[in-house]
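Welcome, and please load the model in your viewer. We will go from strand to strand, selecting as we go.

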Amino acid sequence: SDSALWSSEDAETSMEWLVADDRDRSVYAFVRVAASGERLVCVANLGASQQTGYRLTTPGSVSWSVVVDTDSPAFGGAGSTSLRVQDEVLELDLPP
């Protein structure tokens with residue numbers, strides 16, 4: 001389940017910015033935390049350029065996977081998003 005999207009929405013601990021100041025690349029990232037501890041990371045490239053090898057440190061070493069990829073061919077995209085995980089670091093190729 002993706003309860004991190006809606007659970008504990010009014011709690012201060014349910015959302016934490018991971019990247020809120022990368023205006024040069026227009027990338028923003030945050031983590032949502034459900035009452036159960038389930039985490040969901042949202043990463044958005046709002047710029048006009050592909051960001052290849054974008055590195056993001058996450059809170060805790062857990063298993064990460066892509067839940068929604070708006071660049072997926074299912075959404076009319078090119079399918080160029082990729083995710084590599086090493087310990088607490090995500091390395092992403094983020095399409096524009």
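Begin with the open sheet of 3 strands in the order β1-β2-β3, where the pairing is antiparallel. Strands here are DSSP runs (E, at least two residues), numbered from the N terminus, and two strands pair if DSSP finds at least two bridges between them. Select β1 (15-22) and β3 (39-45): both stand at the edges with a single partner strand, so one side of each has no neighbour in the sheet. From one strand to the next, the twist averages 10°; for such angles, axes are lines fitted to C-alpha atoms, and values run from 0 to 180 degrees between N-to-C directions.

A word on what you are viewing: this is a predicted model, in which local features need pLDDT of at least 70, side-chain atom pairs count only at pLDDT 80 or more, and totals for chains, interfaces and linings use all residues. Residues are numbered from 1 along each chain as its sequence is written, and side-chain values use heavy atoms, with hydrogens and water left out.

Next, highlight strand β2 (residues 27-33) with β3: 7 bridges pair them in the antiparallel sense. Which residue of β3 is the bridge partner of Phe-30? Click on Cys-42 to find that partner.

Now move to the other stop, an open sheet whose 3 strands follow the order β4-β6-β5, again with antiparallel pairing. Its edge strands are β4 (51-57) and β5 (82-86), each pairing on one side only. Neighbouring strands in this sheet are turned by 20° against each other on average, direction ignored.

Finally, show β4 together with β6 (residues 89-94): the two run antiparallel and are joined by 5 bridges. Pick Gln-51 and you will find its bridge partner, Leu-94, in β6.

Key: Helices (H or I, at least four residues) and strands (E, at least two) are DSSP runs, numbered from the N terminus.
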